[in-house]
Amino acid sequence: MNAIDMSSALEPLVGKRTAQALESLDIATVGELVRHYPRRYVDRGKLTDIAGLEIGEQATLVAQVEKSVLRDMRSRRGKLLGVVIRDEKGATIDCTFFNGHKVQHIIKPGMRAVFSGKVGVFNNKLQLTHPQFEPLDEADEVRPFLSVYPATGKITSQQVARCVRQVLDLLDDPTDPLPELVRSREKLADLARALRRIHVPESEADIHAARHRLVWDEAMGVQLALALRRQATAQRPAAACPPKPGALLDAFDAQLPFALTAGQHAVGTEISADLAREHPMNRLVQGDVGAGKTVVALRAMLQVVDGGRQAALLAPTEVLAAQHARSLRALLGPLGKAGELGASEQATNITLLTGSLGAKARRQALLDAQSGAAGIVVGTHALIQDHVGFADLGLVVVDEQHRFGVEQRDALRSRGELAPHMLVMTATPIPRTVAMTVYGDLEVSALRELPSGRSPIATTVVPLAEKPSWFDRVWRRVHEEVAAGHQAYVVCPRVGGADNGADAEPELVDTEDPDIGADSDDGQAKRPPLAVLEVAPKLADGALHGLRIGVLHGKLPPDEKDAVMRAFERAELDVLVATTVIEVGVDVPNATGMVILDADRFGLSQLHQLRGRVGRGSAAGVCLLVTDMPAGTSARERLDAIAGTTDGFELARLDLELRREGDVLGALQSGRRSGLRLLSLLRHEEVISKAQVYAAHIVADDPGLRRHPGLAALVGETVGDEERAAYLDKV
C-alpha cells in the first residue's frame, strides 16, 4: 500500500459506505478525519456504580441492556422505549427514551454502552430519563478513556472512533508545520503525538497536552492568514489625509458649543494619526450609547474633507440615515452649507442618499457624490450599489456595523484605486467583532466616559411569571414619567397587522441573535410575539388611556416614519409604541422611560441599544424589561446580564459566554457554529496574542510562506480557501 498521509482519501482505507457516511460530517481525507476531535471523554476510572446513585446527580456509568420494550405514551402521541440496564456489580436501573422508535434498533438486549444522564424518580424507583449513550466495542473495554465524537444520523460516535483508530495505525507521522523555535519556547508536543493522544489518551495529562498543542495550530493558522491579508492590503495604499491647520476641522472645533471629553480627544488623536498614513485605517470605536461617537466620526470625516477627499457614513436604516444627516448638519451649521447664502468659507456639503428618495432628489444626490460637490455622503444600503460613484472616497464610517453583512460593508472599501480608510462605530460589539478584536484584526478605541449632561439608566427585569402584579406598575410608571413632563417608548418585537405571523421588523433584523422566535427553554413552543399594531390600541384604550400615543415601525412609508419621529421629537406625543426601528441613532433627550415587551425575544446588543434611547438628557432614564420567562432559563440569564451592566465590551463577552462564539471564518455572524474546533476566544486569549506576534515575524521574514510550506498548508486547513481567508480581513 502507498504511504498514507494527511491528504490521502478515506475510501480505500475505511470502505466506500463508511467514507460516504463520513462525508455527512464534511470529512473526506485522512487529515480531516484526524482533525475531527472528540467533544468529550468518559473516564472509566470515574464511572458511577448504579447502587451508589443519588437523586438529582449527573451520572455516567457502563452497563448492559437487560430488557428493552417499546410502548405507546399515555397522555399524548408517540412511543416510549423502556429499558432496564445492569452494571458489572448486578445493580439495575430503568431508562426511558422519548421517540423510542428512533433508537430501538440500537438499544437492544445484550448491548453494552456508556449511559449519561440526570438521576430522577418514577413510581418510587430511580431512573434515567432520555440519557445520552455511547455503545462500546471490545477495543473500548480495555481503554482508560472513551472518546466521544460529534456524529450524525448517518454515522455514530463509535463508528467515527473506529475509523480514527484504523487510520492512525496506518498514518505516517505528519511533518510538523510549527517551527521548532515556537514548539520549544511554548513547550508544545509534536504534531504526531498530539494527534494520537487527543484521540486515544492514556491519561488526563495526555488530553491537556494534546489539546494545548492543537489549539496552537488553530491560533497560528488564523493569525498567519490575518498577517498575510494585512500584508496584501498594505500593497494597496490609502489616501493620506494629514490634519490641515486652519481648515474645516479647526473651524468646527472652534464653534463646538461643548467641550470634548478626554476620551474623545484621545480617540480623535489616534484616528487623526491613522488618517495621516498611507496604510488603510481599520479601526473600531466602541462606546456606550451616548458616549459621543458621532462627534468623533464627524471630526474624522472633516479631516478627510480637508484633504480634498470624501467621506461616506453608512447607516442601517433610513430613519437613522436621515437623523444622522440632520444631526451632522446641525453640528456643522454654516460649515455644512457650502454654496448657500451665509455659508462659511471652509464649508462642505452633506448629501443624503436612501432608497426612498424621489427620482429628482436621487439624481441630485448621485450627482453630488459623483462630482465631489458633497464632501460627506450619508446613506443606507443604497450607497453600496454599483451605480453609486464617488469623486474620491477617502473614508467610510460604518454605524452599528452588526447591521450589515461583511460583504456589504466591504463593498465600499473596494472603490477606487486608493483604499478608503475604514472606521466602525458600535455601542455593543457583537461576538464576531469581539472575535476579530481578540484576533488582532482591528485597532480598537474605547470611549469609556459619558459626556456631561448624560444621565444614568436604571434597568429592571419585570418577571411576570413570578410577579404578574408588576405589569400594572409598569404602566403606572409610564404615567409618572409623562406627568413629570417626559416621554416614553414601548417596544414590541413584531409589527403585526394583516400578516399575523411572526413578522420581524423588516429594517432591523437582529442577525446576531439566533434565539429570536425560537422555542422556549423548556421545549414548549412560545406564543406569538407581541406586536405594535395590536399593543398600541389596547394601551390607548386601557393602561395608557389619555396619553398621546404614536406608532412607528419599518413598514410605514418613509414620510410617515419621518413625520412620527419629528412629532415625538417635538413632544407632540407622550408615548411611542415601536419596533426596533428606534434601536440606533434616535436622539430625543426628553424621553426618559422605556418598556420592552417580550424582552426575552431580543439579543443582548439589541437590548443595550434600545435602552440607550432614554436618559439622553438631564433627567435619569428607566428601562423595564418585561418577560414571562421563568427564572433559571437562558432567556432570563440574558435579561439579568443586561440589567447588571452598561459596559458594552462586558456585554459582548457575556454574549460570547451565553451564545457561543460564532463562525469567525465564514459568513455566519449568529453564534450558531464555530469554524474552529478547539480555539476559544474566551479561554485562549493569551495563546492568540502570542500567535499574533509569531505570525507577524514569520510573514515579515517570509512574505509568501514559500520557505514554510507546512505553515502555508496549516493556513489552508484552518481558514480554507482564499475567499474565506479574505473574509478574515473584512471589518
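Me: What makes the link between His-608 and Arg-611 a polar contact?
Reply: This is a predicted model. In it, the side chains of His-608 and Arg-611 are joined at 3.2 Å. The cut-off for a pair of N or O atoms is 3.5 Å. The value falls within it, so the pair counts as a polar contact.

Me: Why is His-608 called buried?
Reply: Its relative accessibility is 3%. Buried means under 20%, so His-608 qualifies.

Me: Where is His-608 found, and what is said of that helix?
Reply: His-608 is found in helix α19, residues 604-611. Eight of the eight residues of α19 are buried, so the helix is largely enclosed by the rest of the structure. Among the buried residues are Leu-604, Leu-607, Gln-609 and Arg-611.

Me: Why does Leu-328 count as buried?
Reply: Leu-328 has 0% relative accessibility. The limit is under 20%, so Leu-328 counts as buried. This residue is found in helix α12, residues 318-332.

Me: Which residues is Leu-328 in contact with, leaving aside its neighbours within four places in sequence?
Reply: They are Thr-294, Leu-298, Met-301, Leu-313, Ile-350, Ile-376 and Val-378. Contact here means heavy atoms within 4.5 Å. Take Val-378: it is 50 residues from Leu-328 in sequence, while their C-alpha atoms are 9.5 Å apart.

Me: Which strands does α12 lie across?
Reply: Helix α12 lies across β10 (310-314), β11, β12 (376-379) and β13 (393-399). To β11 it runs at about 175 degrees.

Me: What is the strand order in the open sheet?
Reply: Seven strands form the sheet, in the order β11-β12-β10-β13-β14-β9-β15. The pairing is parallel.

Me: What makes β11 and β15 edge strands?
Reply: Each pairs on one side only. β11 covers 350-353 and β15 covers 443-447. From one strand to the next, the twist averages 20 degrees.

Me: How do you know that β9 and β15 pair?
Reply: Pairing takes at least two bridges. β9 (residues 282-287) and β15 have five, in the parallel sense, so they count as paired. Gly-287 stands opposite Leu-447 in β15.

Me: How many cavities of 30 Å³ or more does the structure hold?
Reply: There are four. The largest cavity has about 70 Å³ of space. Residues lining it include Asp-140, Phe-145, Tyr-149, Val-164 and His-199. The elements that give two or more residues to this lining are β8 (145-148) and α5 (157-170).

Definitions and conventions
Residues are numbered from 1 along each chain as its sequence is written. This is a predicted model: local features need pLDDT of at least 70, side-chain atom pairs count only at pLDDT 80 or more; totals for chains, interfaces and linings use all residues. Side-chain values use heavy atoms; hydrogens and water are left out. Helices (H or I, at least four residues) and strands (E, at least two) are DSSP runs, numbered from the N terminus. Buried means under 20% relative accessible area, exposed over 50%, partly exposed in between (1.4 Å probe, protein chains only). A polar contact is a pair of N or O atoms within 3.5 Å; within protein, one must be able to donate a hydrogen and the other to accept it, and residues adjacent in sequence count only if both atoms are side-chain atoms. Axes are lines fitted to C-alpha atoms, for helices over the stretch in contact, and angles run from 0 to 180 degrees between N-to-C directions. On a 1 Å grid over the protein atoms alone, a cavity is a set of points where a 1.4 Å probe fits but cannot get out, and a pocket is an open set with protein on both sides within 12 Å along at least five of seven lines; lining residues have an atom within 4 Å of a point. Grid points are joined across faces, edges and corners, and a volume is the space filled by probe spheres set on the points.
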